[in-house]
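I want to write down what I look up here, entry by entry.

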Amino acid sequence: MSEKDEKIKSLVDMGFSEDEANMAITRCGDVDLWELVDSISASRITEDSHSRNLSDHQITDRCFDSFGGRKKARLMEESKKKRNRYGGRAQGNQPSLDGSHDEPMPLPNPMVGFNLPGYLQPSVTRILPKQDTGPPFFYYENVAQAPKGVWATISRFLYDIQPEFVDSKHLCATARKRGYIHNLPIENRSPLLPMPPKTIFEAFPHYKKWWPSWDLRTQLNCLRTNVASAKLTERIGRALASSDSPPARSVQKYVMNECRKGNLVWIGKNKVAPLEPEEMEYLLGFPKDHTRGLGITERYKSLGNTFQVDTVAYHLSVLKVMFPNGVNVLSLFTGIGGGEVALHRLGIHMKAVVSVEIRKANKRIFRGWWDQTQTGTLIEIDDVKSLTDDRIVSFVSRFGGFDLVIGGSPCNNLAGCNRYNRDGLEGEQSALFYHYFRILNAVKSAMARM
DNA sequence: CTGATGATGATTAGTGGC
DNA sequence: GCCACTAATCATCATCAG
């Protein structure tokens, strides 16, 4: 299969037609896949606004501002340069030859977003262009520590809105460094109450008993989808048992390294263990036993992939006064329903949720929670690829539009702990981001015609 | 066939000495 | 600036037991 054919196949997989793919390649030449997507989306929306009633000034302005002007100029600029994927390990910090470079997207330190409850930092004020404010509101999430250039690309697609990077360790006892791009107001936010504990001992007081004085951790690292093996925790136990008290520095170093990597806690003398699923549910802001009923492996996988509810709820809290009668939600990559749990805990009624989630285990958990706690309408869809523009128009018509489009697209090909397929935003799963983009634009477009 | 288990580095950013 | 070092990280695969 030629390179061109592969690109066409990828674009078709993303939900574009073969004609559109061919035209984009003709227009742009031999450029990266994401630039082709950009080009197709630009021409789609430009056509859309041409074929529509031109008295709709807001939409017309919006399209030409966002795509007709800036983006085309930028495409010409950037299509000249070759992008340097990680893979050439010999290249290191090689400066770009033509002088151009991706605009840097540094992660803030401390990673506290625009503001956080209880932090007396200067609260950021931001003014979004009118065309980027809702309706609909949207909320997009992914891992903060993605490969270079990924967040710059995501931000570019999502209307050049600056990501809000937040480490959930500032809100709860476990780290979770994530980037959020949204068009929600950022004033007058309010946290879920009660505020979750921020330290390991506050969250799990019984671990004090066996916690050695030389383990200085007060918070846990990011909860992931896998757990340390029993063999590993046994090795740690043996190393400590055959050591002095306190252990030699080299032993301490080995043990602490493994404890940090595996998020291990002290459950006995010289005995460490990974967290239980129930403890993860608690740290992440879910109700007790939210994922109960799945196998242990599935529970860890589902929990490792979800939102930290308090963090997301803090951002979504501004919706409460805006929608006293409830919201219609389009939920992409729903997972176990972190966004919905956040809305529920905020006391925001969900009139209807259209949920797209492909894993059966997640669907079962979410459906179970919904049936027990909600009275609104739930519509389940398996795959973002099958949520076509036509179906979106139909849903928008049926529900009178969506108030919130929320979702975090797959991080598989972005996450640092992936040894095998960390190939960036164009990776097999992470490329589904472009469906988030496509679907969001389809919703905006359909709602503009209401 | 399905689910549980155990083993498997690299890419980033930051720090501190020189 | 350069280099050694510390540190964190929504994962994947082969294999095994049932």
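**Around DNA strand C**

Helices (H or I, at least four residues) and strands (E, at least two) are DSSP runs, numbered from the N terminus.

Ground rules, before I go on: this is a predicted model, where local features need pLDDT of at least 70 and side-chain atom pairs count only at 80 or more, while totals for chains, interfaces and linings use all residues. Residues are numbered from 1 along each chain as its sequence is written, chains are lettered from A and ligands numbered from 1 in the order written, and side-chain values use heavy atoms, with hydrogens and water left out.

I looked up which residues come nearest: of the 27 around DNA strand C, they are Arg178, Thr225, Asn226, Cys411 and Cys417.

**Polar contacts**

I took these as pairs of N or O atoms within 3.5 Å. The side chain of Lys177 has an N or O atom 3.1 Å from a phosphate oxygen of DNA strand C, and for the side chain of Asn412 I also noted 3.1 Å to a phosphate oxygen. On the base side, a polar backbone atom of Cys417 sits 3.5 Å from a base nitrogen.

**Phe437**

I found Phe437 in helix α16 (residues 433-448). Its relative accessible area is 1%, so Phe437 is buried (under 20%). Phe437 and Tyr140 are 297 residues apart in sequence, yet 9.7 Å apart in space, C-alpha to C-alpha.

Terms used:
A residue is near a molecule or strand if one of its heavy atoms lies within 4 Å of it. A polar contact is a pair of N or O atoms within 3.5 Å; within protein, one must be able to donate a hydrogen and the other to accept it, and residues adjacent in sequence count only if both atoms are side-chain atoms. Buried means under 20% relative accessible area, exposed over 50%, partly exposed in between (1.4 Å probe, protein chains only).
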